[in-house]
Amino acid sequence: MASIVTIPAFPCNKACSFSRHGLSRRYKPPTFISRTWRSTPISAKLKEKTALEYRKLGDSDLNISEITLGTMTFGEQNTEKEAHEILSYAFEHGINALDTAEAYPIPMKKETQGKTDLYIASWLKSQPRDKVILATKVCGYSERSGYMRENAKVLRVDAANIRESVEKSLKRLNTDYIDLFQIHWPDRYVPLFGEFFYDPLKWRPSIPFVEQLKAFQELIDEGKDSLNDIIWNASEHTQVRYIGVSNETSYGVMEFVHAAKVEGLPKIVSIQNSYSLLVRCHFEIDLVEVCHPNNYNIGLLAYSPLGGGALTGKYLDLNSEAAKRGRLNLFPGYMERYNRSIAKEATLECQKVAKKHGLSMVQLALGFARDRPFMTSSIVGATSVDQLKEDIDAFMTTERPLPAEVMADIETTFKRYKDPAIL
């Protein structure tokens with residue numbers, strides 16, 4: 001049964017109500033049950049641990065935990081042993097999905113490319129494969145990452161690149177299938193990673209949406225055809241079960257869905273975009289409508305719900321040990337939008353809100369992401385089990401939903417600092 005949480009103040013309109021439950025594969029509209037805010041003053045309080053929630057991912061049959069484990073530090077900041085400890089802790093505490101990419105670990109470089117998958121593969125050997133939702137990504141257009149392909153100087157999202165990416169990912173991960181295969185960033189020009197405004201002068205020819213979907217269809221069909229007359233079990237015999245996009249725009253989502261409908265091709269079920277207290281407008285302005293369950297029903301997998309670690313507060317004091325160990329300092333230029341913009345000032349205001357209501361910054365940031373009515377799962381990464389424990393505990397112990405007073409203070413801060421991480 002679907003329920004509605006009414007969240008105060010979107011950036012461009014009044015409070016709206018959205019279903020948190022995706023449509024079924026038969027596209028039956030969900031039944032909405034209204035949940036209203038309590039009128040008596042309350043403050044945020046911590047509760048005894050509750051279990052993580054699970055949600056349908058778009059039109060898929062994937063029932064995904066509200067936390068997805070991010071793995072991009074495996075092979076760079078984390079050893080194989082550390083990666084295994086983090087993975088085991090995650091799945092022992094209710095997380096059932098992990099997200100990787102052919103480009104990982106980050107920062108991207110030839111010497112380490114693919115290590116993340118190898119670490120995951122060695123852990124997967126001891127796990128029941130059907131209990132793990134495995135998501136990975138093919139790179140979008142890139143003139144600097146030709147080392148990922150056998151004979152290509154420029155990466156494109158065409159049939160040859162998609163096939164090579166899938167085959168190599170399956171080999172590295174030592175698995176027969178990928179539950180969710182995503183386009184990491186578009187083949188066409190779009191503003192990326194801190195850029196906000198579209199520059200029409202940067203438009204370039206790109207691989208047609210239909211051609212991209214046909215490439216995915218071929219991989220799905222090959223998995224079915226290989227069984228001949230045997231009954232097909234999607235989770236065991238297809239190379240790719242479902243497809244999704246990442247760092248995508250409303251235009252891109254709508255074109256993919258339209259192409260799928262007109263040509264009878266696979267429909268995307270998810271979008272993996274940045275979303276946090278510091279990055280809201282890109283999704284809330286119009287993607288939230290496009291992805292709504294009663295429209296295209298695309299599940300949001302939000303990456304960087306902690307703003308690359310900025311929303312933990314550790315970078316407020318750049319001389320602290322935590323800041324020195326953080327990736328924003330380890331890798332100069334990486335996610336510089338959180339240091340070069342007024343994001344730090346906005347983070348200080350978020351710290352004040354958290355303190356006022358008796359919350360840590362992690363509890364405030366992850367509680368906010370958790371409760372968004374359009375959120376399917378938040379992708380949370382950690383470089384230690386202690387970090388991951390804090391993140392999971394924030395989901396499981398912070399009052400659900402965050403009280404109206406907390407949300408009101410969040411919105412007051414947002415009105416003053418709308419997406420402060422824009423470069």
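Are Phe283 and Phe374 buried or exposed? Both residues are buried. This holds for a predicted model, and every value below is computed from it.

Begin with the ring pair itself. The centres of Phe283 and Phe374 are 5.3 Å apart and their planes meet at 40°, so the pair counts as tilted. Phe283 sits in helix α7, residues 281-290. Phe374 sits in the loop between α12 (361-371) and β12 (375-381). The pair therefore ties together parts that are 91 residues apart in sequence. Phe283 has a relative accessible area of 2%, which is why it counts as buried.

Phe283 has another ring partner. With Tyr275 it forms an edge-to-face pair, 6.4 Å centre to centre and with 75° between the planes. Tyr275 is buried too, at 0% relative accessibility. Ring pairs link Tyr275, Phe283, Phe368 and Phe374 into a cluster. The structure holds 11 aromatic pairs.

Rings also meet charges here. Arg129 lies over the face of Tyr177, at 4.1 Å from the ring centre. The charged end of Lys418 sits over the ring of Phe414, 5.4 Å from its centre.

Now the barrel. Which strands close into it, and in what order? There are 8 strands, in the order β5-β6-β7-β8-β9-β10-β11-β12. Their pairing is parallel. Strands of a sheet pair through backbone hydrogen bonds, either parallel or antiparallel. Neighbouring strands of this sheet are turned by 30° against each other on average, direction ignored.

Take β8 and β9 as an example. They pair in the parallel sense over 5 bridges. Phe181 has Ile243 in β9 as its bridge partner. Side chains join these strands as well. Arg241 and Asp179 meet in a salt bridge, with N to O at 3.0 Å. Asp179 is buried, at 2% relative accessibility.

Other salt bridges stay within one helix. Glu349 and Lys352 meet at 3.2 Å, N to O. They are 3 residues apart in helix α11 (residues 343-356), so about one helical turn separates them. Lys352 is exposed, with a relative accessible area of 53%.

Helix α13 (residues 385-397) holds another such pair, Asp393 and Lys389, which are 4 residues apart. That spacing, too, is about one helical turn. Their side chains meet in a salt bridge of 2.8 Å, N to O. Asp393 counts as buried at 14% relative accessibility. Lys389 is partly exposed, with a relative accessible area of 36%. Elsewhere, salt bridges that share partners join Glu53, Arg55, Glu66 and Arg400 into one network. The count comes to 26 salt bridges.

Next come the loops. Arg188 is placed in the loop between β8 and α4 (209-225). It is buried, with a relative accessible area of 11%. Which residues does Arg188 contact, leaving aside its neighbours within four places in sequence? The contacts are Arg204, Ser206, Phe209, Glu248, Thr249, Tyr251 and Gly252.

Most residues other than glycine have a negative phi, and most peptide bonds are trans. Where does this model depart from that? A cis peptide bond joins Tyr104 and Pro105, with omega about 5°. Pro105 lies in the loop between β6 (97-99) and α2 (115-124). The peptide bond from Ile106 to Pro107 is cis as well, with omega near 0°. Pro107 is placed in the loop between β6 and α2.

Asn247 is not a glycine, yet its phi is positive, about 50°. It is found in the loop between β9 and α6 (250-263). At 9% relative accessibility, Asn247 counts as buried. Asn297 also has a positive phi, about 55°, although it is not a glycine. Its place is the loop between α7 and β11 (299-303). Asn297 is buried, with a relative accessible area of 4%.

Conventions
Residues numbered from 1 in each chain as written. Predicted model: local features only at pLDDT ≥ 70, side-chain atom pairs only at ≥ 80, totals over all residues. Heavy atoms only, no water. Phe/Tyr/Trp six-rings, centres within 6.5 Å; stacked < 30°, edge-to-face > 60°. Buried < 20%, exposed > 50% of the residue type's maximum accessible area, 1.4 Å probe, protein only. Helix = DSSP H or I, 4+ residues; strand = E, 2+ residues; numbered from the N terminus. Lys NZ or Arg CZ within 6 Å of the ring centre and 35° of its normal. Salt bridge = Lys/Arg side-chain N within 4 Å of Asp/Glu carboxyl O. Pairing = 2+ DSSP bridges. Axes fitted to C-alpha atoms, helices over the stretch in contact; angles between N-to-C directions. Contact = heavy atoms within 4.5 Å.
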